[in-house]
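Dear colleague,

I am passing on the structure we spoke about, with some notes for reading beside it. Please open the structure first and keep it in view while you go through them.

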Amino acid sequence: MAPLDRPALAARYSAVKASIPGNVTLVAVSKTRTVEEIRALYDLGHRAFGENYPQELREKVPQLPQDIEWHFIGHLQRSNVKHVIPFAHMIHGLDSERLLDEVAKRANDLGRSVDVLLQVLIAQEETKHGFSMDEAKATMLAPWKWPGLRLRGLMGMATNTDDRTLVKREFEDLAGLFHSFEEAMRPTFDTLSMGMSGDASIAIEAGSTMVRIGTAIFGERC
Ligand SMILES: *Cc1c(COP(=O)(O)O)cnc(C)c1O
């Protein structure tokens, strides 16, 4: 593996930070990145990292400083919840009530509460996951059944396309849903997680409060 180019990492990180308004949280997506790369970004002052795979998260956590805020952003299977709960500060990808049940159960077993986002399917892609808009609404309108889980907001991924108009519309739809519940769910419902390296600027314009960025910070994943 090529040695870590710290100045290049620092330059990319600065550029990404400069492109994000101060009120938008940056989650550095570190899936497939080495502990050394994560540590280098940590040394530049960054604390919020996003991981997609339970096994990878579990291996990395003990090798890195304890004040890192780990965001689990991947698709979570019920059988893997128990491996993620001990480490996750926030779970972004909750896409069914059955999964909420399992997360609540495991969090309760550990005596901890967890911040969660409901993932909403906004993309026109079969491979993506999430509640439909209507399902998400129904889950939020009903009395909240998971006392150990703090519903912090919504997460979504736009269609992977060059059609910026479509991406913008998808993000605006999600922002609309978020804002329609914001008032009623205040003050802890404050997070709208949308935007990745390729579409963060569109997401921010549409009202994102949290972007999840990997490639633009760490370079292309191999
Ligand atoms: C990988 C991933 C990202 C980051 O993607 P980049 O294009 O590398 O910025 C963001 N969100 C989710 C859910 C991901 O899986």
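Predicted model: local features only at pLDDT ≥ 70, side-chain atom pairs only at ≥ 80, totals over all residues.

Residues are numbered from 1 along each chain as its sequence is written, and side-chain values use heavy atoms, with hydrogens and water left out.

The chain has nine helices and eight strands, which are DSSP runs numbered from the N terminus (helices are H or I with at least four residues, strands are E with at least two). Because a compact globule of 222 residues would have a radius of gyration near 17 Å, the 17 Å of this chain agrees with that expectation; the radius is taken over C-alpha atoms, and the globule rule is 2.2 Å times the number of residues to the power 0.38. Along its principal axes, the C-alpha trace spans about 50 × 45 × 35 Å.

Around the ligand there are 13 residues, of which K31, N52, S197, T215 and R221 are the closest; a residue is counted here if one of its heavy atoms lies within 4 Å of the ligand.

- a polar side-chain atom of R212 is 2.9 Å from a ligand nitrogen atom;
- a polar backbone atom of G214 is 2.8 Å from a ligand oxygen atom;
- an N or O atom in the side chain of T215 is 2.5 Å from a ligand oxygen atom.

The ligand on its own has 390 Å² of accessible area, and the protein covers 91% of it (areas come from the Shrake-Rupley method with a 1.4 Å probe).

Most residues other than glycine have a negative phi, and most peptide bonds are trans. T32, in the loop between β1 (25-29) and α2 (35-43), has a positive phi near 70°. R186 and P187 are joined by a cis peptide bond with omega about 0°, and P187 lies in the loop between α7 (164-185) and β7 (191-193).

Key: Polar contact = N/O pair within 3.5 Å; in protein donor to acceptor, adjacent residues only side chain to side chain.
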